Amino acid sequence: MHVLYFNNGSGLGTAKSGGTTRLIETVRRIGERGVTVSIVTTHGALTLFREEKLSARFFLVRASLISMRERNNLDRAWGYILSTLHSFLLILRLPKCDVVYAPSDYFCDVLPAVAYKFARPSTRFVAMIHHRCRPPKQRRGNLLINLASYLFQRFSFWFIARYADQVFVYDTPEGEVIGDYFRSRGVRAVTPVANGITLAAIDQVPAGSVTYDACFVGGLRASKGIYDLIPIWQGVQKRFQTARLVIIGGGAPSVTADFRARIAAAGLSDHIILLGALPSGEFYRVMKTSRVCISTSHEEGWGIAICEALACGLPVVAYSLPAFSFLRGYLDEVPQ
């Protein structure tokens, strides 16, 4: 079997999101079972895949005409458009595959996959949906960006409902809602799937002495609740004046700069440390030197970072999201 992925959502960024983590680990596992994998992707994701030593045949598409660095969300949006158009140009030059796979609902993954299916009708089109974008006024962050995200997801959902042979959703209440959406639009093959973590990789990282009182792991964007961390940590500091919070994750330079400025304005520059995106081994090491993990995300499909924190032995403080309710069932099965 030959599976073709269109993975253009990373643009020029090299941050390892939950969706990218899932792609890397599933590609490794199907490769071990003899499946041939080809991946159409951008420069940022290709850099990450090579760091992870991912075995696949890669086809590079452009996410920028000149720059090799994203400055803001407009650069990322332009990257989505450019990588989609470049993918269209590659369609007839790509190998013949049994399955074409969109690992996200981003239009830069979905539209090329649909185009490939049009060019080779016998190929099965499979799409993975991680979470729903809430209506713009229900999300934190820039209203125009939230509106664009919401509308583009609905745009992609229409194409998925119309052309997908199989839709994967997470086996969580969030996934159930998404699955019902597609079933109501005539998609017969909607399959709940689990997510996971690599326990062996986590266990081989030794636990160090406690350096941080808490850690946050996630992309630096408003929907992850990064701006909630500032008043939260101000409250912590009222009782524990030396408490330190470490933040692991990358984001657009404009968002990162704004976040740093707000931390400084709150007088927390010495107590909230931004490390940026880290390789897996270093990421687990830092996590294991923290006392607790904080998740302020406002919307999630699953929550890989929470599972990783629990595997590192950390208690987790998080908002009560529907996607996290699956953890209660799993934790009930763990011997006390």
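This is a predicted model: local features need pLDDT of at least 70, side-chain atom pairs count only at pLDDT 80 or more; totals for chains, interfaces and linings use all residues.
Residues are numbered from 1 along each chain as its sequence is written, and side-chain values use heavy atoms, leaving out hydrogens and water. Local features need pLDDT of at least 70 and side-chain atom pairs 80 or more, while totals for chains, interfaces and linings use all residues.

**Exercise 1.** Work out how the rings of Tyr170 and Trp302 are arranged, and which parts they tie together.

Step 1. Start with the rule: rings of Phe, Tyr and Trp (its six-membered ring) pair if their centres lie within 6.5 Å; planes under 30 degrees apart are stacked, over 60 edge-to-face, and the rest tilted. The structure holds 17 such pairs.

Step 2. Tyr170 and Trp302 have ring centres 5.5 Å apart and planes at 55°, so this pair is tilted.

Step 3. Now place them, using DSSP runs numbered from the N terminus (helices: H or I, at least four residues; strands: E, at least two). Tyr170 belongs to strand 6 (residues 166–170) and Trp302 to the loop between strand 11 (290–295) and helix 11 (304–311), so the pair links parts 132 residues apart in sequence.

**Exercise 2.** Find the strand order of the open sheet and its edges.

Step 1. Strands pair if DSSP finds at least two bridges between them. The 5 strands run in the order 10-9-8-11-12, with parallel pairing.

Step 2. Strand 10 (272–276) and strand 12 (316–318) are the edges, each pairing on one side only.
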